[in-house]
Amino acid sequence: MDRKVGIEVSIAAAEAAALCDVDVVAAYPITPQTHVVEHLSELVASGELGAEFVPVESEHSAMSVCCGSAATGARTFTATASQGLALMAEIVFIASSMRLPMVMFLSNRALSSPLSIWNDHSDVMMVRDCGWIQIFCENGQDVYDSTFHAFRVSEDPEVSLPVMINVDGFILTHVVEPIEFWTKDMVRKYLPPFQPAYSLHPDKVVTMGAFGMPEIFTEQKRAHEQALRDSMPIILKAWDELAQITGRKYSPVELYRTEGADTLILAMGSICETASLAVDNMREDGKKVGLVRLRLWRPFPVDELRKALAGAKDVVVLDRAVTPGGGNAPVTSEIRSVMYHEPEKPRIHCMIAGLGGRDVGPDDISRMVEMALIDKTFDYHMYGVRG
Amino acid sequence: MAKPIEEITWQEIELGGVITEPGNASCYHTGTWRSQRPRYIEERCIRCWRCFVMCPDAAIHPDYDNNVFVWNYTYCKGCGICSYECPVDAIAVEEEGE
């Protein structure tokens, strides 16, 4: 283990990408961009990082450059947020369908309108079905460690899929946290060189991104979908090895004080730290409440979730995005879906909170749990809305 | 192509749909689309090569021995571009027979 430093989380993520000796960084440097690529551009400019920094003319081009870069076998990184993700969305789906390994740091921010630069999960939920591996981080150390893990999983020949690291905008991206840094030696042991199955090279000619007739389209979608599901054991193995190196163990579904809990809070991202404080408070008051933290959003950890939620009477899902006119908010819908065939299923309550940077404190979360338990007939609630 | 496209299973698809066999588009016979057929009128042709250049399927080839152009109807999809582009009306377009 190297040193522990107080550092802004975005800068730490950039340092992690640099430590992975990334070859190409393509990004569009304007709001809502974070300091991640700004710092990487500084490292490239100063000569500390021997990478190609491509300051493209739009986010659409950023992802296009990343696709081309990954196709040549270069280690590829980018970062974006909200409107930037919206603009690159077309190519985001292409990157995964073409099985191009790369890592994207997504600062989760609200989609306009109204114009907002603050945190919620509406941007990532827009590309929920893009076929990337999608991980949600709770704190700065988590973000830093996830960068190494993401490259390791993404470039694994058995996986060969892009990985999206979701980091709550401002709440995580712009705060200074104490982060334990990795050494070059640790990275060398953990992250092997990128050896793509196919690359664009004149010695071995291949065509990438070809036309798919109706006779073959379904087969290719199935192959992609299966590859995403089959990435699970490799994700787990990479987390196991990360634990051996760092002593920090990450899992698809993480539990906090769930022993004997009747009621479980389920959430993703930085709100989980707040929720853990709420759980402490409620436990002190004698309430049997625990927290289920969903770290891995794609591939969806179905078995782990069923196991975690088994035995609970109520599950309160903290959703950070709205599905306007839909069956329910995105996380709640999926949780209900995986529990539907279980012989004993909890009531699953939806609480939409923290939209567009609205602060959610521990007391808010305790209040949400109370509201969900009191009004059993009304299970779709936009918490804290006036009127 | 080793296997006809309609027989390839999802397990056999190359990673990300990569095509490892260059030029395999030729396995796809666009001539099956044809509802109209170009007919070459040799005596009008001035050998300007415009049809050869404009054909989107590279289905028109010169026959040097006989100093004429020939159509490959396996790929000619009957789009009529050759006829449209011909400056001397040397390519007629006719309904494809049954």
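What distance separates the centres of domain 1 of chain A and domain 2 of chain A, taken over C-alpha atoms? In this predicted model, the separation of those two centres is 28 Å. The assignment that divides chain A places domain 1 at residues 4–245 and domain 2 at residues 253–382.

The two domains touch. On the side of domain 1 of chain A, 28 residues are in contact with 19 residues of domain 2 of chain A. Several elements of domain 1 give two or more residues to this side: helix 5 (122–126), strand 6 (133–136), strand 7, helix 8 and helix 9 (232–246) of chain A. The largest share, four residues, comes from strand 6 of chain A. Sorted by class, the side of domain 1 that touches domain 2 has 14 nonpolar, nine polar and five charged residues.

In chain A, seven strands form an open sheet with mixed pairing, and their order is 3-2-4-5-7-6-12. At the edges are strand 3 (52–55) and strand 12 (296–298) of chain A, each of which pairs on one side only. From one strand to the next, the twist averages 20 degrees. Strands of a sheet pair through backbone hydrogen bonds, in either a parallel or an antiparallel sense. Strand 5 (residues 103–108) of chain A pairs with strand 7 (residues 163–168) of chain A in the parallel sense, over six bridges. In strand 7 of chain A, Val167(A) is the bridge partner of Ser107(A).

The helices come next. Two packed helices are described by the angle between their axes and by the distance between the axes. Helix 1 (residues 9–19) and helix 2 (residues 35–45) of chain A have axes that come within 8 Å and cross at roughly 50 degrees. That angle makes helix 1 of chain A oblique to helix 2 of chain A. Their crossing is right-handed. On helix 1 of chain A, the contact is made by Ser10(A), Ile11(A), Ala13(A), Ala14(A), Ala17(A) and Ala18(A). Helix 2 of chain A contributes His35(A), Val36(A), His39(A), Leu40(A) and Leu43(A). The contact of these two helices has eight nonpolar, three polar and no charged residues.

A second pair is formed by helix 3 (residues 59–71) and helix 4 (residues 82–97) of chain A, which pack at an angle of about 25 degrees with their axes 7 Å apart. Angles under 35 degrees count as roughly parallel, and helix 3 and helix 4 of chain A are therefore roughly parallel to each other. Helix 3 of chain A passes helix 4 of chain A in a right-handed crossing. Among the residues that make the contact are Met63(A), Cys66(A) and Cys67(A) of helix 3 of chain A, and Leu87(A), Met88(A) and Ile91(A) of helix 4 of chain A. By class, the contact of helix 3 with helix 4 of chain A has 10 nonpolar, three polar and two charged residues.

Methods:
Residues numbered from 1 in each chain as written. Chains lettered and ligands numbered in written order. Predicted model: local features only at pLDDT ≥ 70, side-chain atom pairs only at ≥ 80, totals over all residues. Pairing = 2+ DSSP bridges. Axes fitted to C-alpha atoms, helices over the stretch in contact; angles between N-to-C directions. Parallel < 35°, antiparallel > 145°, perpendicular 65-115°, else oblique. Left-handed = near helix turned anticlockwise from the far one by under 90°. Contact = placed C-beta atoms within 7 Å. Nonpolar A, V, L, I, M, F, W, Y, C, P; charged D, E, K, R; others polar. Domains from an automatic or database assignment.
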